[in-house]
Amino acid sequence: MQITIAVMLLYGSYRNDVKLLSSMQAEYQRIITFNDDKKFLHVITSNPQRLEENQIAIFWQADNQEEAKRIGGFDLLAPTRPLNTYLANERSWITQVTSVPYISLPMQAKTGTYWMVQPTLAHFPTVFSEWTRIGMALTLLAFVCAGFVWKLIHSTLAPLFSLAHQLDEASTASLDTLYIAFNVSEGNKSGQLSAMSQSINKLLTRLSMVIESMENTLHAIAHDLRTPLSRIRLSAESALIGSKSQTESEAALKSALTDCLESSEIANQMLTTLMKINDEAAGRSMPSFHSIDVKDTLEKVVEWYEEAAEEKSITLIIDCQKGQQLVSDESKLIQVLVNLLDNAIKFTPEDGTVVLAYEVDAKSARITVSDTGMGIAEEHQTLIFSRLFRTEQSRSTEGYGLGLSLAKAITTTIRGELSVTSELGKGSIFTLRFPQKRAA
């Protein structure tokens with residue numbers, strides 16, 4: 001950059017010198033041509049400042065002489081070579097600047113030639129001063145730009161370094177405290193890379209949920225499968241150890257096998273449901289979204305439970321207009337509704353009512369399953385979606401406390417929300433909520 005600027009300044013100085021010489025040559029030539037030599041000599045001797053300031057010397061060379069003599073202007077020794085060897089515009093400017101010490105232009109007189117001679121780059125000190133000034137300005141600008149770029153890079157990369165540091169720390173943390181160990185929002189208060197931070201936090205939240213789901217599954221397997229396994233063991237031991245007659249032994253063995261079969265079926269169903277919940281939480285069962293007719297879907301679910309409802313004289317009502325559409329995964333939605341309707345019928349006394357309704361407003365689309373059953377205490381309403389949780393009132397009915405957990409997991413998979421409002425003795429309302437834009 002500095003070399004380029006120097007070359008440009010040298011070229012500009014040379015062109016200015018040539019231009020000035022040509023202008024003065026034309027002016028002096030007119031004086032010599034239209035007046036006489038005396039007038040010309042008077043001009044250059046009476047006003048030498050212009051010539052001296054521009055380092056221009058005037059030489060006289062008679063027609064019959066090779067030697068030239070200075071007669072005015074800048075104090076310059078006579079060049080050793082003929083003056084016509086220094087003519088301007090006779091060669092390239094680079095050659096002129098680098099290898100020729102003078103610039104010369106002739107002015108013809110009657111008996112000889114006047115020569116204007118100027119040292120090459122007569123204004124080099126000015127050029128050097130200008131080059132130094134520009135160089136200092138560019139250096140300062142370079143420092144300012146470097147500082148700005150460094151600050152920009154630092155402010156851009158600092159969150160990445162912080163992110164990498166937090167990832168290193170989180171890699172050594174226990175899995176159950178991963179989200180706490182790596183809280184991206186704490187290290188990103190200034191807002192840099194906020195989109196990345198939010199995405200990572202969402203990912204870690206889901207990862208924490210999967211880890212929690214796996215731990216709950218393992219806990220359930222370790223704790224709640226112990227009962228059916230213990231029954232299987234006790235039944236087998238009772239049948240093998242007891243000292244009875246052959247007839248009694250056969251009966252005891254048959255009874256023990258029946259208990260073992262029932263207990264193994266309970267254990268199998270519990271394991272199957274737990275694994276379904278775990279698969280939903282881990283995202284292994286991806287939904288397939290398409291537009292469905294909500295009333296048709298509700299009618300399918302109700303049709304499966306009409307007989308069970310009739311046995312308890314429970315009235316099933318569908319409150320949904322024909323043709324209303326919802327974008328969802330129908331098979332998964334049916335699984336959720338089956339669990340909710342099964343619970344509603346199970347915990348609603350005889351002559352009760354269960355209503356499946358669908359409504360849409362400006363904020364959301366909602367499917368509700370409401371009943372006139374026993375209701376749920378307020379302190380239990382946030383716990384009923386936990387695995388294997390059963391209230392005291394529900395322990396007398398069949399079930400493992402996994403239905404609502406599975407419904408909750410599937411609802412999350414189809415990108416909805418499942419909530420409950422209830423009052424003891426009056427019934428419950430379970431609400432499946434979806435964004436309004438899903439209502440087609």
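Two strands count as paired if DSSP finds at least two bridges between them. Helices (H or I, at least four residues) and strands (E, at least two) are DSSP runs, numbered from the N terminus. The model is predicted: local features need pLDDT of at least 70, side-chain atom pairs count only at pLDDT 80 or more, and totals for chains, interfaces and linings use all residues. Residues are numbered from 1 along each chain as its sequence is written, and side-chain values use heavy atoms, with hydrogens and water left out.

Under these terms, A57 stands opposite G73 in strand 2. Strand 1 covers residues 57-62 and pairs with strand 2 in the antiparallel sense over four bridges. Both belong to an open sheet of four strands in the order 2-1-4-3, with antiparallel pairing. Strand 2 (69-73) and strand 3 (102-108) are at the edges and have a single partner strand each, so one side of each lacks a neighbour in the sheet. From one strand to the next, the twist averages 30°. Strands of a sheet pair through backbone hydrogen bonds, either parallel or antiparallel.

Helix 2 (residues 37-46) lies across strand 1, strand 2, strand 3 and strand 4 (112-119). The helix runs at about 20° to strand 4, where axes are lines fitted to C-alpha atoms, for helices over the stretch in contact, and angles run from 0 to 180 degrees between N-to-C directions. Contact means heavy atoms within 4.5 Å.

Leaving aside neighbours within four places in sequence, R50 is in contact with M24 and E27. With 29% relative accessibility, R50 counts as partly exposed; buried means under 20% relative accessible area, exposed over 50%, and partly exposed in between (1.4 Å probe, protein chains only).

L157, in helix 5 (residues 124-171), is likewise partly exposed, at 32% relative accessibility.

Helix 12 (residues 403-413) has eight of its eleven residues buried, so it is largely enclosed by the rest of the structure. The buried residues are L404, S405, L406, A407, A409, I410, T411 and T413. Just after helix 12, R415 takes a positive phi of about 60°.
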